[in-house]
Amino acid sequence: MTQPWSNPLRDKRDKRMPRIAGPCSVVIFGVTGDLARKKLMPAIYDLANRGLLPPSFALVGFARRDWADEDFGQVVYEAVKQHARTPFRQEVWDRLAEGFRFVQGTFDDEAGFARLAETLNKLDAERGTGGNHAFYLSIPPKAFPQVLEQLSRTGLAKKSDGHWSRVVIEKPFGHDLKSAEELNKIVNDVFPESSVFRIDHYLGKETVQNILALRFANEMFEPVWNAHYVDSVQITMAEDIGLGGRGGYYDGVGAARDVIQNHLLQLLALTAMEEPVNFSPAELQAEKIKVLSASTLAEPLDETTARGQYTAGWQGGERVVGLLEEEGFSTTSTTETFAAITVDVDTRRWAGVPFYLRTGKRLGRRVTEIALIFKRAPHLPFDATMTEELGQNALVIRVQPDEGITMRFGSKVPGNKMEVRDVSMDFSYGSAFAEESPEAYERLILDVLLGEPSLFPVNEEVELAWKILDPALEFWAAQDEAQGHPEPYESGGWGPDSAFEMLKRSGREWRRP
């Protein structure tokens, strides 16, 4: 059904025209937290500044603080001034601030949710928000059942003719397969799956979406994107920061649950999936589900997985402490800050190609990349001395921080003898396009308001990802009982020795980004 604010003639004429959200309100639970302050509120302002929010838009905060609407407005103002990416424009701010409302209450407060329902009804009448509401749960997963039950009880979760009600959920989506299944049931008992948007902010990054364009819009890549030519695939998310002050969230979660289960397995799915019939949400999700269904951990796990915990060392010229000295962590904590796994994708395209996934804190530098490492050429016309400095060809998709693509291949060194050495050809988004890429949360929040679910994992994807990772988590838990701690690695390096041994066994090595 065509929404009243869309222009189908314009949409057919030029697909590049931006889609603007229709009348709606966004309710943020957990509005006093870091995520709301650093990401959500600035993203909403940036969308308004880009002209992508309608005049009939409202932002509602829900928290236990004793705030008036004006106090909430000041909190949003400070967040925008500190963290917005677009220039501050007073006229945009004044128009946006007219729709700010604050509701005091706790998650078990029926009167508070009654006030929330009354506030949204008033906004529908006064600002024309059209009965369309998105509920952003920027809260710990243990609070989901309470909030969802309150939304159901007050009728706020119910869709009516011509109006929508959607829920946005932040990771983690459970801590293993069993808890994820329970969480999905709790959510789907209140909201149908079509109204559930699970945020994985990595999927909102421009470079991640460009994987599909790189593969399927260019004939030069797709023919070699398979086991005939690719030796292995490495997917890395490295961070150079530690965990000071984040003990409450991270302890007991660890690197694998925090990053591999969602971000890295989603990147694997996009890298390994078959070409969809079209880019509709259903077709994209179907292809990702096929890949995840065909993926398993390579065995034996003591040789194909690795984990570690950072110790004191030097980072960026500064002496830093180890995890067990960080505030909020027990000296007996077995939480890993580095995790690596080997995944087999048992499809015709990828049979025999290992996918190596790794993530860690306090590593050599901050970088996220997908690297396809190609098989070695026979080098028949060359003797060993001609190619001794030549590595394997590689295609590297840089997700962050310097978004772009690098191709590594061999080239003759200038001179009067035949000598081949690695060179790189580089494409950078920043230098190739005048347009600035939208921040991931801008794209994802707008997609929620448009009802566009392509970039959001459905519950089956979440459960399949846990099914892949769970055996490693169980194996590591058994190791902790026997050994006491994950393997230590020095801050500023690239992880524990076992991670390097993991690849060395098959004659491979990790890329040094």
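Q: In which sense, right-handed or left-handed, does α2 pass α4?
A: In this predicted model, helix α2 passes helix α4 in a right-handed crossing. The axes of α2, which spans residues 34-49, and of α4, which spans residues 90-97, come within 10 Å and cross at roughly 115°.

Q: Which residues make the contact between α2 and α4?
A: On the side of α2 the contact is made by I44, Y45, A48 and N49, while α4 contributes V92, W93 and L96. Sorted by class, the contact of α2 with α4 has six nonpolar residues, one polar residue and no charged ones.

Q: How is a pair of aromatic rings described?
A: Such a pair is described by the distance of the ring centres together with the angle of the planes. A search of the whole structure finds 16 aromatic pairs. Because F29 lies in strand β1 (residues 24-29) and F62 in strand β2 (residues 57-63), the pair ties together parts that are 33 residues apart in sequence.

Q: Which domains does the domain assignment give, and how far apart do their C-alpha centres lie?
A: The assignment gives domain 1 as 24-170 and domain 2 as 206-438 + 458-505, and the C-alpha centres of domain 1 and domain 2 lie 36 Å apart. From an unreviewed UniProt entry comes the annotation "domain: Glucose-6-phosphate dehydrogenase NAD-binding", covering residues 27-210; the span 27-210 is 45% helix and 16% strand, with its end C-alpha atoms 31 Å apart.

How values were computed:
Residues numbered from 1 in each chain as written. Predicted model: local features only at pLDDT ≥ 70, side-chain atom pairs only at ≥ 80, totals over all residues. Heavy atoms only, no water. Domains from an automatic or database assignment. UniProt positions renumbered as here; feature names shortened; annotations may be inferred. Helix = DSSP H or I, 4+ residues; strand = E, 2+ residues; numbered from the N terminus. Axes fitted to C-alpha atoms, helices over the stretch in contact; angles between N-to-C directions. Left-handed = near helix turned anticlockwise from the far one by under 90°. Contact = heavy atoms within 4.5 Å. Nonpolar A, V, L, I, M, F, W, Y, C, P; charged D, E, K, R; others polar. Phe/Tyr/Trp six-rings, centres within 6.5 Å; stacked < 30°, edge-to-face > 60°.
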